[in-house]
Each structure stands twice: as structure tokens, then as C-alpha cells.
Amino acid sequence: MNNGRSCEDERHHASLNSILEALGEEFHELWQFTEQLQNSLGPALMQVANAPEHHRDVQSLDLLAQRLSALAKYMLTISRLLPQEWSVNPNTALNKVTLSDLQHRLKGAAQPEAAGHQSGELEMF
């Protein structure tokens, strides 16, 4: 998959395996968050689900969890099937990720220590 790229380009390449594995891990973590959310809000969701106009929305949360789980398994399986030598330069795509902690995980880089809040960073309240 070289396509005549220069050595300079090659330095910035990452294996597709590692990129897809990172995506699969992110989907898995989002599935876990969704499951935790459903468990935490379970009693309230049951009350809301009794209202016909909200029943579909509550079911959508469960569907979201199922899809995230399926996507995680899919991405992790595909990542293990690709040849190790396949690589791409992910920097253009990574520059579109505005959550800095997510960007670092997708790069496979260590989290910056106490770097302060950067633009687009998630702040839990």
C-alpha cells in the first residue's frame, strides 16, 4: 500500500491494525458507558417507558448499547484480520477529533499530564 509515498510520509504512518483496534476499544468503552447509564437510570427509564410517547426513546438507548457492542466486536475482529504491513497516515483524520483525550487514545499516545483544558475537551460536572 505504498503508492509512491516519500520516507517523510512513512514516518507518520500507523498500522491499520492498531487504528482499527483503537476504534474497537473506543466502541467497547462507549458500550460500557451506555450500559452503566442504563443501569443508573433504570428506575427512571422504566417510568418514562410507560408513557407511550417516550417508549421508543427508551428502547433506542438499549439499541444504542447493542450497536456499540456489535461495532466494537466488528472493529476488533477486522483489526486482527488485516496484514500487519498495511498502514496509513491518520493525522488528517485525527485533526478532526476535537476531544483531546480521545485523540491521544486513537494515536496510541500517552495522556498528557495536567495539560489543562484544551478546546473541545470533555469536562465532567
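## Packing and pockets in a predicted model

Me: Which helices do the buried residues of α4 pack against?
Reply: Buried means under 20% relative accessible area, with exposed over 50% and partly exposed in between (1.4 Å probe, protein chains only). Contact means heavy atoms within 4.5 Å. Helices are DSSP runs of H or I, at least four residues, and strands runs of E, at least two, numbered from the N terminus. The buried residues of α4, among them V58, L61, A65 and L68, pack against α2 and α3 (42-49).

Me: Where in the protein is confidence highest?
Reply: This is a predicted model, with residues numbered from 1 along each chain as its sequence is written; local features need pLDDT of at least 70, side-chain atom pairs count only at 80 or more, and totals for chains, interfaces and linings use all residues. Side-chain values use heavy atoms, leaving out hydrogens and water. The mean pLDDT (the predictor's confidence in each residue, from 0 to 100) is 82 for the protein. Helix α1 (residues 7-11) is lowest, at a mean of 62, and the highest, at 93, is α2.

Me: What distance separates the end C-alpha atoms of α4?
Reply: The expected span is 1.5 Å times one less than the number of residues. With 30 residues, α4 should span 44 Å. The model agrees, with its end C-alpha atoms apart by 44 Å.

Me: Is W86 buried, partly exposed or exposed?
Reply: W86 sits in the loop between α4 (52-81) and β2 (87-88). A14 is 72 residues away in sequence, yet 8.4 Å away in space, C-alpha to C-alpha. The relative accessible area of W86 is 33%, so W86 is partly exposed.

Me: Why does Q103 count as buried?
Reply: Q103 is in helix α6. Leaving aside neighbours within four places in sequence, Q103 contacts L94, N95 and V97. Q103 counts as buried because its relative accessibility is 16%.

Me: What volume does the second largest pocket have?
Reply: On a 1 Å grid over the protein atoms alone, a cavity is a set of points where a 1.4 Å probe fits but cannot get out; a pocket is an open set with protein on both sides within 12 Å along at least five of seven lines, and lining residues have an atom within 4 Å of a point. This pocket is lined by 13 residues, with A14, S18, L106, K107 and G108 nearest its centre. Grid points join across faces, edges and corners, and volume is the space filled by probe spheres set on them. For this pocket, the volume is about 160 Å³.
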